[in-house]
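The following exercises are to be worked with the sequence and the model at hand. Each task is followed by a solution in steps.

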Amino acid sequence: MTDVSTDFESRLSACPACDVAPLAGRLARTGPVRGDVILSLPTAHCAACITDVERALSAVPGVRAARVNLSLRRVVVDAEGVTADDLIPALDRIGYEAHELDPGALTATEADRRGRDLLMRIGVAGFASMNIMILSVAVWSGADAATRDLFHMISGAIALPTVAFSGQPFFASAWRALRAGRLGMDVPISLALILASAISVFETWNSGPHAYFDGVVMLCFFLLVGRYLDYRTRAVARSAAEELTALEVPRAILLREGAEEAVPVADLRPGDLILVRPGGRVPADGVVTAGASEIDRSLLTGESVPIAARPGDALSSGEVNLTGPLTLQVTAAGRDSSLSRLTALVAAAESARGRYTSIADRASRSYAPAVHLLALASFIGWFWMTRDVRVAVNVAAAVLIITCPCALGLAVPAVITAASGRLFREGLLIKDGTALERLAEVDTVVFDKTGTLTMGTPQVAAADLDAEGRAVALALAGGSAHPLSRAIVAGIAGLAAEVEDLREVPGYGVEARWQGRPVRLGRADWVGADDEAPGAATWLRIGARVHRIDFTDSLRPGADKAVARLRHAGLRVMILSGDGAGAVRDIAARLGVEEWRATVTPQDKAATVAELSAQGRHVLMVGDGLNDTAALASAHASISPASALDAARVASDMVLVGKDLGPVADAVGVARASIRRIRENFALSILYNVVAVPFALAGLATPLIAALAMSLSSVSVTLNALRLR
Amino acid sequence: MEVLVYLIPVSLGLGGLGLAAFVWALRNRQYEDPKGDAQRILSDEWDDHPKP
């Protein structure tokens, strides 16, 4: 009977490699292969969406199969030779927004395998603990003599292979910790698992009354659940962050002997000629060889006023081309250009992060030695009193099992999972495990202006125009896709005038003839205005008259509320911007922020953050541009909006997915609440220990008490964490 | 007490069956898209015959 169950168990669990390896092979085969197109479907949410999308995609010629994954809001299309450009319009026609994802940037399969591996171990431990518990209940209720020994033997036959399989994550990490000369949380866990298993085997062999097989397996189960929660939280945030990166499929238009060809940015070489269309982002550093246009470099410098680009000007990747097509000769190719600038910054960020020790680490640092000392002391004490090694080892094992940081291992992951889940629903991704803890300590918030507090899209602020002027301005602006023109169309009421010969002069503006007179809308020097006042403005010339139209940046939705709530919570709010003083003063006044600095260089931003940190302040940096990257990296915690440059998103701990800035204020509140919960959870599990440890030390801890203490503390800790949701 | 000779293997076997089902589900990627699978059952598209 025992033999049968041993055989059954060992076939399933004693060979984890057999369990995992075929899985890996399967994943490699069924994962996205080359030729598959992956689209993101942000609006898919129902059963009808699945059938609609799959039917529409299957109708596109060349598509073999399409499968929607509603959990990830993605669709994988198996289509040889069909590109996303053919599929997106098909979905657009039935009303679904779709974006192409770069399969290379999605590494979900690798992470998936780890999650599945953990789940498998949880499943095995759960199965084993249920079966052993059935047998243990019989033992607790008074089975004795041969029946008890038989039940212990069956329990052992189930428990030992289970511990060998399910305990592996703990053994591996304990071994790593020991080799590095540290005592992590996993060392006492592994010691408890091994010692308790060994003493239980010994007791079973000698027909002893107590065996801890149930406690050992339950310990494995609860700790694995904690591990899995921890892993899930990170995996969800990582896959969402990856999706943001994958949304920007990096392509460039290469000019090869006059013909245009779309190539991946990684394939660009210095000397290549590339075409940057109006509205496109400059894919690589280069020098303009032909064309004239205006360049928006707000992501790099924070300036909101576009800058003219002529042949000979150097452009860097990340800038946005506004009006005319530009031909560029690449000087720094592909990943080198942006990476070389960022390597130093990201390295600095990582070293700063590495210095932070999380609450869990701090707790385990003091907890692990205490547990070991307590177990050792009880062993020595009992050995000295009874001169019986068997009793002494039994007591020491009971102490180890009862003090084992079961609830401690669940306390932090359960809270972080609940809090991240709540913030995720509000549109904030937590990328870093310790980010919430750091966010809770924040007392100063530094905002970037352009693209963070503002949308980076201009709004008409003031225009000295009569009805005639408004009509002409509207007519001229309607002929251009320049952001300032669009702002005029959106912001000035009235009907457009009838104009003739409308044409856009890239880099300068728009001109036309109105009632026989030439009219122009554009740059001051081109229109003929001698007005050189600073700020974002454009000029309209009708005959001999020149009108000035001023712009301000439109506030990001929720910015005023977020700032007000942060100030209400007692945080110091500052604005640091690379933009001109006028624009910054205006925004600061609208938001009611007293502390602001304009025309700040990227180095100054980082230096200001470092200076604040040196004063003992914990800074939360919120920014989106390359000029914020150093500050984001050196701040205590950092948030960037999803519209930020890839580099800024990499450097920050949290990413704001939606347009609304409101979740920033929520995040600080949730972070503080979750730290409170973590502390409560620690207090709870210490309370259980304080109650149960005297029993163990007195040698009264039966396996029943150990099992009760363990499950009660784990369940109460998890329930307390779930209150956050 | 002789009944234990049957009962214990039976209970272990049933538990093992559950575990085997879990391992099968995990390997067959049944947890890939829980939300989508919950919704797919509401669609009547392949009610008459299975999807080819």
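**Exercise 1. Confidence and conventions**

What is the mean pLDDT of chain B, and what percentage of its residues reach 70 or more?

*Solution.* The structure is a predicted model, in which local features need pLDDT of at least 70 and side-chain atom pairs count only at pLDDT 80 or more, while totals for chains, interfaces and linings use all residues. Residues are numbered from 1 along each chain as its sequence is written, and chains are lettered from A and ligands numbered from 1 in the order in which they are written.
- Step 1. pLDDT is the predictor's confidence in each residue, from 0 to 100. For chain B the mean is 83, and 98% of the residues reach 70 or more.
- Step 2. For the complex, the predictor gives an ipTM of 0.81 and a pTM of 0.73.

**Exercise 2. The two chains together**

Determine which elements of chain A supply the side that touches chain B.

*Solution.* 
- Step 1. Two residues are in contact if their C-beta atoms, placed from the backbone, lie within 7 Å. On this criterion, 25 residues of chain A are in contact with 24 residues of chain B.
- Step 2. Helices (H or I, at least four residues) and strands (E, at least two) are DSSP runs, numbered from the N terminus. At least two residues each come from helix H1 (2-13), helix H3 (47-58), strand S2 (63-69), helix H5 (108-140) and helix H6 (145-166) of chain A. H5(A) gives the most, with 9 residues.
- Step 3. By residue class, this side of chain A has 17 nonpolar, 7 polar and 1 charged. Here Ala, Val, Leu, Ile, Met, Phe, Trp, Tyr, Cys and Pro count as nonpolar, Asp, Glu, Lys and Arg as charged, and the others, Gly among them, as polar.

**Exercise 3. Annotated spans**

Compare the UniProt annotation "transmembrane region" with the modelled secondary structure of chain B.

*Solution.* 
- Step 1. In an unreviewed entry, UniProt places a "transmembrane region" at residues 6-26 of chain B. UniProt positions are given in the numbering used here, feature names are shortened, and annotations may be inferred rather than shown by experiment.
- Step 2. In the model, residues 6-26 of chain B are 100% helix and 0% strand, with end C-alpha atoms 30 Å apart.
- Step 3. For chain A, the spans that UniProt lists under this name (unreviewed entry) include residues 118-141 and 153-175. Residues 118-141 of chain A are 96% helix and 0% strand, with end C-alpha atoms 34 Å apart. Residues 153-175 of chain A are likewise 96% helix and 0% strand, and their end C-alpha atoms lie 29 Å apart.

**Exercise 4. Buried residues and cores**

Which residues touch the most other members of the largest nonpolar core?

*Solution.* 
- Step 1. A residue is buried if 20 or more other C-beta atoms lie within 10 Å of its own, exposed if 12 or fewer, and partly exposed in between, with C-beta atoms placed from the backbone. Of the 725 residues in chain A, 48% are buried.
- Step 2. A nonpolar core is a set of buried Ala, Val, Leu, Ile, Met, Phe, Trp, Tyr and Cys residues joined through C-beta atoms within 7 Å. In the largest core, of 146 residues, A:Val217, A:Leu219, A:Leu400 and A:Ile401 touch the most other members.
- Step 3. Neighbours within four places in sequence aside, the contacts of A:Val217 include A:Ala125, A:Ile132 and A:Val163. A second, separate core has 24 residues, among them A:Ala473 and A:Trp514.
- Step 4. A:Ala473 is one of the buried residues of H17(A). In this helix H17 (residues 467-477), 8 of 11 residues are buried. Their cover includes helix H18 (483-491) and strand S18 (509-514) of chain A.

**Exercise 5. An antiparallel sheet**

In what order do the strands of the open sheet of 6 strands lie?

*Solution.* 
- Step 1. Two strands pair if DSSP finds at least two bridges between them. The order in chain A is S6-S5-S7-S13-S8-S11, with antiparallel pairing.
- Step 2. Strand S6 (259-264) and strand S11 (314-315) of chain A are the edge strands, each pairing on one side only.
- Step 3. S7(A) is joined to S13(A) by 4 bridges, and A:Leu273 has A:Gln329 as its bridge partner in S13(A). Strand S8 (residues 285-290) is joined to strand S13 (residues 326-332) of chain A by 5 bridges.
- Step 4. In a regular strand the side chains alternate between the two faces of the sheet.
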